[in-house]
Amino acid sequence: MTDANLLADEDFWKGVAGVTGVVAALLGVAIALIDRSSKNRVAQHDAEKAALGSQLAEKDVEIAELKADIKAAQRLKEIDDRINELKKLQGLATPPALEEFTQILLQEKPSQSPPASKLDGAAIKDDIRKIDELRAESVPTIEPELRSAIATSAFFGKDYEFAAQQFEQVAISDTADWRTHLAHGVSLANQRNGDATNLSAARAYGEAIALAPKDLSPDTRSKLFVYRGAMFKRLGRLREAEADLRIGLELAHDARAKLDAQYNLSGVLAQIGKEEQALELLQEVCKDPGYRAAVASHQADYYAPISNNYRFQTLLLGTTG
């Protein structure tokens, strides 16, 4: 058969169409396989990419934790070094020991001029605050003895608020005794900052009274009651103040201790209508120029009910009228 006849043959074209269909089908299958393979490769690539991203994220977390550990270690080292520096300064400082400081607070020893100390100043206060802020993170702590020395230095520098903060930290330690609570109370009372600090001072004196040893001298025990009674007087809790101050007066043997109890008690009695008893006490109190001046300065509050009394005014003049 010639080529012309072949091209005109219907069966020939049917055969060609059949072959073409098969080829097309095979091409479709091949394209489908290629597409599926491409999608599988893309999915695998995405999975590998996600896994790599997860690994990188884990590494970032590890690096961040490592940096935090390094930073924490450096911070701990700095704090530890600073505490050691403070300990060295403690050896160079000259604040009195707690026993001597207690005697000063109780007026059993003349108060000296504020001693030169390397344990006060703004820089040290900042260091202490930073250390205390980080205390929950298991950083090195400041030993009670060192903190007491810092507090004593602050007290003599008349930074009573900072002194109170430091004595409070010592007071909650296992080494605290009645003297620490006394120092805490006096630091609070000396702030004269209203009911909040006065109440805290009364509580601190209460702790000192509770922890005071049985063999404490009557005069010293007297002063603890008088100090707390004075805080109750400031707070306007006059019946409690009267009770404490009468105990203090009864215990006192030393003339100065008696005078302090009489002064505070007279201010309470004047306010609760016991005018004659108040004037009897003032008869002794006003013999001392310092206490007489203190009485005069409180004519508008503690002694307001008797301020116009002729005998009271006579006593303020330094006479027994």
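The axes of helix H10 (residues 238-251) and helix H11 (residues 255-271) come within 9 Å and cross at roughly 155°, where axes are lines fitted to C-alpha atoms over the stretch in contact and angles run from 0 to 180 degrees between N-to-C directions. H10 is therefore roughly antiparallel to H11, a term that applies to angles over 145 degrees. The model is predicted, so that local features need pLDDT of at least 70 and side-chain atom pairs count only at pLDDT 80 or more, whereas totals for chains, interfaces and linings use all residues. Residues are numbered from 1 along each chain as its sequence is written, and side-chain values use heavy atoms, with hydrogens and water left out.

The contact (heavy atoms within 4.5 Å) involves Leu238, Ala241, Glu242, Leu245, Arg246, Gly248 and Leu249 on the side of H10, and Lys258, Ala261, Gln262, Asn264, Leu265, Val268, Leu269 and Gln271 on the side of H11. By residue class, eight of the residues in the contact of H10 with H11 are nonpolar, four are polar and three are charged.

In the chain as a whole there are 14 helices and zero strands, these being DSSP runs of at least four residues (H or I) and at least two residues (E), respectively. Of its 321 residues, 38% count as buried, that is, under 20% relative accessible area with a 1.4 Å probe, protein chains only. Among contacts between residues at least 6 apart in sequence, 60% join residues at least 24 apart. The accessible surface of the chain, computed by the Shrake-Rupley method with a 1.4 Å probe, comes to about 18400 Å², of which 55% belongs to carbon and sulfur atoms.

Notes. Buried < 20%, exposed > 50% of the residue type's maximum accessible area, 1.4 Å probe, protein only. Parallel < 35°, antiparallel > 145°, perpendicular 65-115°, else oblique. Nonpolar A, V, L, I, M, F, W, Y, C, P; charged D, E, K, R; others polar.
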